[in-house]
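Here are my notes for a colleague opening this entry for the first time. Please read them beside the model.

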Amino acid sequence: MNIDHVATIRNARGGAHPDPVRAAKLAAKAGADGITAHLREDRRHISDNDIKRLRAEIDLPLNFEMAATDEMLAIAIAAKPHAACIVPEKREERTTEGGLDAAGGHNHLKRYVAELGAAGIRVSLFIEASKAQLDAARHLGAPVVEIHTGAYCEATGAAQARELDRIRDAVRYGASIGLEVHAGHGLGFDTVSPIAAMPEIAELNIGHFLIGEAVFAGLENSIAEMRRLMDEARQESGDQ
Ligand SMILES: CC(=O)[C@@H](O)[C@H](O)COP(=O)(O)O
Ligand SMILES: NCC(=O)COP(=O)(O)O
């Protein structure tokens with residue numbers, strides 16, 4: 001469960017409510033296996049203090065999403081989350097627009113992957129569903145990749161089916177070269193099942209949809225329903 005957008009709502013008024021750490025505690029009760037938080041360089045949602053509190057108050061593993069900068073590397077090493085996922089970041093973007101260029105940015109990324117790994121933090125790279133990016137991630141020594149599902153979630157009809165095929169091929173290829181494969185971005189009730197059904201995927205990171213749905217159904221119900229859909233899809237794919 002990604003809790004970023006609880007902080008977006010909090011920050012709209014600048015106070016302390018709603019508290020993303022409280023959401024993380026509820027997520028644990030509702031069936032989430034881990035918490036993801038993206039400390040953006042512009043601090044538009046999650047704050048440095050949220051990260052400190054998540055480490056102090058939450059038992060679930062924390063996946064710390066970060067840009068490849070020295071500032072974020074120092075914060076990650078001090079906070080020692082279970083995992084760090086390196087993501088591309090642009091100040092002017094509304095949300096993460098795509099995957100990292102692990103292939104083109106190889107030399108820049110190398111040090112971050114190595115230093116996070118040396119600090120005992122499991123490193124993942126948030127990348128597009130492409131063989132070249134998967135090969136580059138492996139070459140960089142990242143044990144995990146997270147495949148960007150945003151384009152699949154935004155597409156409809158035949159274009160969405162093509163995006164799904166692209167993701168399926170990448171997931172299989174990633175697993176075949178020894179990477180642990182995760183996926184996320186933009187997933188909702190309508191899009192999660194075909195992704196959750198892919199047996200090679202070890203983790204999904206889902207946030208924005210759940211926070212939005214919580215307005216109507218409550219956070220606990222939203223997370224529980226997402227978990228049910230994921231488990232059902234995985235079970236059905238195992239039955240085939
Ligand atoms: C990397 C990614 O896909 C998402 O974490 C996302 O970080 C949520 O935060 P934003 O909506 O600010 O991009
Ligand atoms: N890395 C993706 C993530 O953590 C959640 O993305 P979203 O569901 O908020 O779009």
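**Notes on the predicted model**

1. Start with S222. S222 is buried, because 23 other C-beta atoms lie within 10 Å, and 20 or more is the mark for a buried residue. Bear in mind that this is a predicted model.

2. Where does S222 lie? S222 sits in helix 11, which covers residues 219-239. Leaving out residues up to four places away in sequence, S222 touches L210, E213, A214 and A217.

3. A30 is 192 residues away in sequence, yet the two C-alpha atoms are 8.6 Å apart in space.

4. Next, helix 1. This helix spans residues 4-13, and its buried residues are D4, H5, V6, A7 and R10.

5. Now the annotated positions. An unreviewed UniProt entry gives the annotation "active site" to H38, E65 and H185. These positions are spread over 148 residues of sequence, but they cluster in space, with a largest C-alpha distance of 12.3 Å.

6. H38 belongs to strand 1. Is H38 buried or exposed? H38 counts as buried because it has 25 C-beta neighbours inside 10 Å. Beyond the residues up to four places away in sequence, H38 touches D4, I46, E65 and V87. D4 is also one of the buried residues of helix 1.

7. E65 is in strand 2, residues 62-66. With 26 C-beta neighbours inside 10 Å, E65 is therefore buried as well. Setting aside neighbours within four places in sequence, E65 is in contact with T36, A37, H38, C85 and V87. V87 is likewise on the list of residues that H38 touches.

8. Last, ligand 2. Which residues are around ligand 2? They are N2, T36, E146, G184, H185, G186, L187, N205, I206, G207, H208 and F209. H185 carries the "active site" annotation in the UniProt record, and T36 is one of the contacts of E65. By class, the shell around ligand 2 has three nonpolar, eight polar and one charged residues.

Note on methods
Residues numbered from 1 in each chain as written. Chains lettered and ligands numbered in written order. Predicted model: local features only at pLDDT ≥ 70, side-chain atom pairs only at ≥ 80, totals over all residues. Helix = DSSP H or I, 4+ residues; strand = E, 2+ residues; numbered from the N terminus. Buried ≥ 20, exposed ≤ 12 C-beta atoms within 10 Å, placed from the backbone. Contact = placed C-beta atoms within 7 Å. UniProt positions renumbered as here; feature names shortened; annotations may be inferred. Near = placed C-beta within 6 Å. Nonpolar A, V, L, I, M, F, W, Y, C, P; charged D, E, K, R; others polar.
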